[in-house]
Amino acid sequence: MHIVSAPVLEGWALLSDEQVVTRVLAGQTALFEVLMRRHNERLYRAARAILRDEHEAEDVMQQAYVNAYSHLRQFDGRSKFSTWLTRIAVHEALARARRRGRYTTMDADESSVEPGAFDTTPDPERLAISNELGTLVESAIDRLPDGTREVFMLRQVEGMSTEEVAEALNVSEAVVKTRLSRARGAIRRELYEQAGLAASNTFRFLRPRCDRIVSAVLERLA
């Protein structure tokens with residue numbers, strides 16, 4: 001498998017994920033790169049939300065792509081390909097976090113959680129290091145509880161629907177709504193009302209990193 005040139009990638013831009021998958025399964029395996037480049041940022045944000053470590057998140061991304069490619073015929077189209085792929089990355093990230101004892105899911109009865117229960121106290125050292133607002137948003141997201149960070153990242157930052165997030169994380173839509181509401185409240189108190197921040201530019205996965213992940217996965221698949 002080789003890296004596809006930019007003009008060729010642009011030529012496939014109008015095809016849906018599902019159409020690209022069909023062509024990959026038909027033998028045009030190089031087109032798997034199209035899917036990776038489309039979804040690198042979403043997978044990074046999902047894995048980063050769970051692990052809170054960018055290097056581990058990149059490792060998870062690579063393994064998720066390898067797993068997806070190996071089991072591509074199992075994609076049955078009942079959900080969007082992007083949701084199916086995100087679910088694979090989430091599963092890989094959660095497994096890694098839990099193996100290292102660094103992840104504690106919130107209680108099932110989340111109605112008992114008080115609005116002020118989240119730790120949103122700013123970290124003085126991090127605030128002193130950087131005055132950039134994007135860094136402050138990322139810091140606030142990192143302080144959200146396990147189970148809430150990934151809901152906020154996928155629903156608020158990535159713009160996935162409640163149904164898609166519920167499917168990707170294997171929780172109910174009610175849980176997604178509850179966790180999102182709590183997360184929004186916590187972050188709003190810390191940042192949004194004071195600075196009017198937008199979350200769309202946080203945890204970006206830009207071209208150089210995108211190229212590195214694509215190359216590493218293609219080498220593993222070759």
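## Order of the elements

Reading from the N terminus, the protein chain goes α-α-α-α-α-α-α-α-α-α-α. That makes eleven helices and zero strands. Keep in mind that what you're looking at is a predicted model.

## The chain as a whole

The protein chain has 222 residues, and 50% of them count as buried. Its accessible surface comes to about 11100 Å², with carbon and sulfur atoms making up 48% of that.

## The nonpolar core

The largest nonpolar core holds 65 residues, and the ones touching the most other members are Phe32, Ile50, Tyr65, Phe81 and Phe152. As for which helix gives the most to this core, that's helix 3, covering residues 32-51, with eleven residues.

Once you set aside its neighbours within four places in sequence, Phe32 is in contact with Val24, Tyr65, Ala68, Tyr69 and Leu221. Tyr65 shows up here as a partner of Phe32, and Tyr65 is also among the core residues that touch the most other members.

## A look at Glu58

Now move to helix 4, residues 54-70, where you'll find Glu58. Is Glu58 buried or exposed? Glu58 counts as buried because its relative accessible area is 8%, and the cut-off for buried is under 20%.

So what does Glu58 touch? Not counting residues up to four places away in sequence, Glu58 meets Phe205, Arg209, Arg212 and Ile213.

Terms used
Residues are numbered from 1 along each chain as its sequence is written. This is a predicted model: local features need pLDDT of at least 70, side-chain atom pairs count only at pLDDT 80 or more; totals for chains, interfaces and linings use all residues. Side-chain values use heavy atoms; hydrogens and water are left out. Helices (H or I, at least four residues) and strands (E, at least two) are DSSP runs, numbered from the N terminus. Buried means under 20% relative accessible area, exposed over 50%, partly exposed in between (1.4 Å probe, protein chains only). Accessible areas come from the Shrake-Rupley method with a 1.4 Å probe; for residues, only the protein chains shown count as cover. A nonpolar core is a set of buried Ala, Val, Leu, Ile, Met, Phe, Trp, Tyr and Cys residues joined through side-chain atoms within 4.5 Å. Contact means heavy atoms within 4.5 Å.
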